[in-house]
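Please open the model in the viewer and keep the selection panel at hand.

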Amino acid sequence: MDLNVLAAHELPVALRALHGVVASNGTVTPAELRFLEVIAELHGAAVDVRQLVPIDPVEVARAITDPHRRKRVVQLALVASMVEGEVAEVGDEAVRALACALEVDDRGLAVIH
């Protein structure tokens with residue numbers, strides 16, 4: 001999977017979406033924060049991920065329109081939901097809501113469900 005796929009203006013939106021996924025259970029762990037930092041670093045950006053606020057999936061869909069990039073955001077969300085191992089039901093729901101808004105049907109959705 002190519003991880004450095006987002007345009008500079010899409011990266012903050014994607015990071016906020018991923019933050020929403022990891023925060024869906026009410027906590028964000030150091031490992032989850034590090035995952036978000038790595039995604040930013042892979043895109044050549046330094047971001048204080050502790051300052052990210054979740055974003056509505058519909059807003060993500062408005063900002064990221066390219067189908068390939070949308071698919072990658074969903075795949076990154078799948079990985080983000082599994083950083084701590086077991087995927088909570090709210091994590092599954094958060095990833096599914098994002099995938100639905102982005103109109104992405106990825107096989108990985110079945111894995112986390």
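Begin with E103, which is exposed, because its relative accessibility is 70%. The model in view is a predicted one.

Keep R70 displayed and select L102. Not counting residues up to four places away in sequence, L102 touches R70 as well as V60, A61, I64, V73 and V74. L102 and V60 are the residues with the most contacts inside the largest nonpolar core, which has 36 residues. To see how the helices take part, colour α1 (11-22), α2 (30-42), α3 (57-63), α4 (67-81), α5 (89-102) and α6 (108-112); each supplies at least two residues of this core. The largest share, eight residues, comes from α1.

Now move to E10 and R69, whose side chains meet in a salt bridge (3.4 Å, N to O). R69 lies in helix α4 and E10 in the segment before α1, so the pair ties together parts 59 residues apart in sequence. E10 is buried, with a relative accessible area of 3%, whereas R69 is partly exposed at 26% relative accessibility.

Finally, select R34 and E41. Their salt bridge has its closest N and O atoms 3.0 Å apart. R34 is partly exposed, with a relative accessible area of 39%, and E41 is partly exposed, with 46%. The structure holds six salt bridges.

Terms used: Residues numbered from 1 in each chain as written. Predicted model: local features only at pLDDT ≥ 70, side-chain atom pairs only at ≥ 80, totals over all residues. Heavy atoms only, no water. Core = buried A, V, L, I, M, F, W, Y, C linked by side-chain atoms within 4.5 Å. Buried < 20%, exposed > 50% of the residue type's maximum accessible area, 1.4 Å probe, protein only. Helix = DSSP H or I, 4+ residues; strand = E, 2+ residues; numbered from the N terminus. Contact = heavy atoms within 4.5 Å. Salt bridge = Lys/Arg side-chain N within 4 Å of Asp/Glu carboxyl O.
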